[in-house]
Amino acid sequence: MLFRSTNTWNIAGATVSITGNLTIGSASSSTSRLSKVTVSGGTLNVTGNIVFNTSSSGSAVLDLSGGASKVNLSGALTKNSAGTLTPGTQSTFNFNGTASGQTLTLGTGFAYNNIQLNNTSASGVILGGSVTSTNVFGNIMLQSGLLANGGYSVAGNTGKQFSIGAGCT
């Protein structure tokens, strides 16, 4: 007999602020357990880190697919082994830290729609992989601070914008 334990936190049309870290999943997560944070037309503010702590990508999920959802992250976005970041067609992920070396995590299981970059530290936001049309579907907006490509390429989608605000590099 298979027992499935699901822990879901739904943020629907509201603003939730976390002072500290948000950990999705646990080191003991398996395919029979699911930890999911769903932001549907709301805003999630995290002053610390968002950590995906699982060995199975389907066991730790941050779902932004419901409406104009937004995540404002001041710390790191860390995938210890696996995890899933699901964008919506109107969602935005804002890297707005002041800490040095905030990484835009890309790779298996992680996709974004719109990305805003607002890290004002000397090293800004650093790409953690190549930006492709399969992991960034919307616009990339460098609004303040610096974007370091880390040697990775940036290739967006047709009809979408890569914009750089005044004073940004």
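**Exercise 1.** Decide whether S91 is buried or exposed, and find where S91 lies.

*Solution.* Start with accessibility: S91 has 1% relative accessibility, so this residue counts as buried (buried means under 20% relative accessible area, exposed over 50%, partly exposed in between, with a 1.4 Å probe and protein chains only). Next, place S91 in the chain: the loop between β10 (84-86) and β11 (92-95) holds this residue. Strands here are DSSP runs of E with at least two residues, numbered from the N terminus. Finally, look at the surroundings: leaving aside neighbours within four places in sequence, S91 is in contact with L64, G67, S69, N113 and N114 (contact means heavy atoms within 4.5 Å).

A note before you go on: this is a predicted model, where local features need pLDDT of at least 70, side-chain atom pairs count only at pLDDT 80 or more, and totals for chains, interfaces and linings use all residues. Residues are numbered from 1 along each chain as its sequence is written, and side-chain values use heavy atoms, leaving out hydrogens and water.

**Exercise 2.** Work out which ring pairs link F93, F95 and Y112 into a cluster.

*Solution.* First, recall the rule: rings of Phe, Tyr and Trp (its six-membered ring) pair if their centres lie within 6.5 Å; planes under 30 degrees apart count as stacked, over 60 as edge-to-face and the rest as tilted. Then take F93 and F95: their pair is tilted, with 4.9 Å centre to centre and 35° between the planes. Now turn to F93 and Y112: their centres are 5.5 Å apart and their planes at 90°, so this pair is edge-to-face.

Key:
Helix = DSSP H or I, 4+ residues; strand = E, 2+ residues; numbered from the N terminus.
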